[in-house]
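Hi,

Here is the structure I said I'd send over. Have a look at it first, and my notes follow below.

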Amino acid sequence: MEPDVNIAVKPRRQTKPPRQTGQLIALRNERARTVARDARLAKALTLAAMSLGYVVVQLDVTIVNVAINSIGADFGGSVAGLQWIVNAYTITFAAFILTAGALGDRLGARRVFIAGFTTFVLASLACALAPALPVLIVARLCQGVGAAILVPNSLALLNHAYPQDSERHWAVGIWAAGASFSLTAGPLVGGASIALLGWRSIFLINLPIGLAGIWLTWRYANETPRLAARTLDIPGQMTAVLALGTLAAAMIEGGERGWSDLLVLTGFAGFALLAALFLAIEVKSRAPMLPLGLFRKPAFSAMSLTGLLVNIGCYGLIFVFSLYFQRLNHLSPLWTGLAFAPMMTAVLATNLIAAKVTAATGARLTIATGLAVTAVSCLALLGLRDGTPYAALSAQLIGLGGGLGLLVPPMTSTLLGSVTKQYSGVASGVLNAMRQTGSAIGVALFGSFLSGAGGFIAGVHVALVIAAALALCAIAAAMIGVPRRMETTTS
């Protein structure tokens, strides 16, 4: 009898019809393309949002200068009051920018950026609705805080969105170009807005830009990792605000009361004490807002000093010439904006060629050339008088803008190249803080000369001579501190 043999029959493997398999592959490919397309869109719109943040920051640097005479006519403010309209913004911008970057590291750059943009928008609305000069100045202080938050955190979000070096360099270039354009367009946009709608409209411009930037950030930007160990230097921060505010107040009041006035001298003494206290705090702090060790590098120190000196001269002169065009030459805000347009266009144009010039001649020579052009342009403006035709000033103003535009890109890249990559964010913050501090000092100092005993024109001449001298000092700093051929640090 034959044994039973159980033969297990292996079932045939079920296969999908070729047509169905092809459809699934096509569907997966389409989904992958959609995901990639959505990712590219999110990155592009994140870049747009970050650019809008920097646009409003830079726009308010120049647009307000065109409006100060109209604001003074409405509120009856003296030159000192008008200086505070500009300096309230630049002081808080300079003082808070380093802490704002640390705050973004600690809480997340996306969250902090949105908070900064919201602060800037609400402060802009308060500026537009301000019933009196003191309210406007307080609102400008809040705008400066918002601006200080926007700049470092926009860079952090771009760094997060574009991790590849080549992509990030392109993105940062777009981000910087938008800011340069807004800086250039500021006087013209401000003049046209004032002519059509009044000075309050220059602050309302920020509302639609801000709302678009906030929504795009909330919708498309990815949050950065939180660094809970990142600490804030609160004592250093508060001392920095008090020191800068005291210095600006002493300079502004020096023009009104006289430089030997007891209150003015007390202000300068207070600044000296606060500055010494700030340095002592930073030396002892475990996480200083201003790492003083960076200044041991000659190129870093030279470029930081150059940024300070250049902004004292250039932004102080923008304030002075805005009043000159409107009060002495009786130009309208619109024509004042048009008068600044060639100068600002020269800034943008030389920004674009600065990289090629630097590649051909080296950073040190390019920076020195830009500073020399700036100094010569200032001295060539000493022929200015009450009612001097614009045609007699235009070439000098273009030279002033061209020199500034030529030197800023290599100055920035040289400073960043003097430190390792891990300190690039801090180094950028230091440079921005130094430049904004220079802007505040320039407006305070040069504006004070306009109220002197010699009269407005004499004050303009003093400002021009000092601006030229500062440019020459910056040339010396660049020639001493920057090597002939400096290699960018990459480690």
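How much space lies in the second largest cavity? About 70 Å³, and bear in mind that this is a predicted model.

A bit more on that cavity. Its lining is made up of Leu-309, Val-310, Gly-313, Cys-314, Leu-317, Leu-371, Thr-374, Cys-378, Ala-467, Leu-470 and Ala-471. Helix 10 (298-328), helix 12 and helix 15 (456-481) each give two or more residues to this lining, and helix 10 gives the most, with five. By class, the second largest cavity is lined by nine nonpolar and two polar residues, with no charged ones.

Searching the whole structure turned up three cavities of 30 Å³ or more. Among the residues lining the largest cavity are Asp-60, Asn-65, Tyr-89, Arg-140 and Tyr-315. Helix 1 (18-75), helix 2 (79-107) and helix 14 (424-450) are the elements that give two or more residues there. The lining of the largest cavity splits into five nonpolar, three polar and two charged residues.

Then there's the packing of helix 12 (residues 363-380) on helix 13 (residues 394-417): the angle is about 155° and the axes are 8 Å apart. Angles over 145 count as roughly antiparallel, so that is how helix 12 and helix 13 run relative to each other. Their crossing is left-handed. The contact includes Leu-371, Thr-374 and Cys-378 from helix 12, and Gly-399, Gly-403 and Leu-407 from helix 13. Its residues divide into twelve nonpolar, nine polar and no charged.

Cheers

Definitions and conventions. Residues numbered from 1 in each chain as written. Predicted model: local features only at pLDDT ≥ 70, side-chain atom pairs only at ≥ 80, totals over all residues. Heavy atoms only, no water. Axes fitted to C-alpha atoms, helices over the stretch in contact; angles between N-to-C directions. Helix = DSSP H or I, 4+ residues; strand = E, 2+ residues; numbered from the N terminus. Parallel < 35°, antiparallel > 145°, perpendicular 65-115°, else oblique. Left-handed = near helix turned anticlockwise from the far one by under 90°. Contact = heavy atoms within 4.5 Å. Nonpolar A, V, L, I, M, F, W, Y, C, P; charged D, E, K, R; others polar. 1 Å grid on protein atoms, 1.4 Å probe; cavity = no way out; pocket = protein on both sides within 12 Å on 5 of 7 lines; lining within 4 Å. Points joined across faces, edges and corners; volume = space filled by probe spheres on them.
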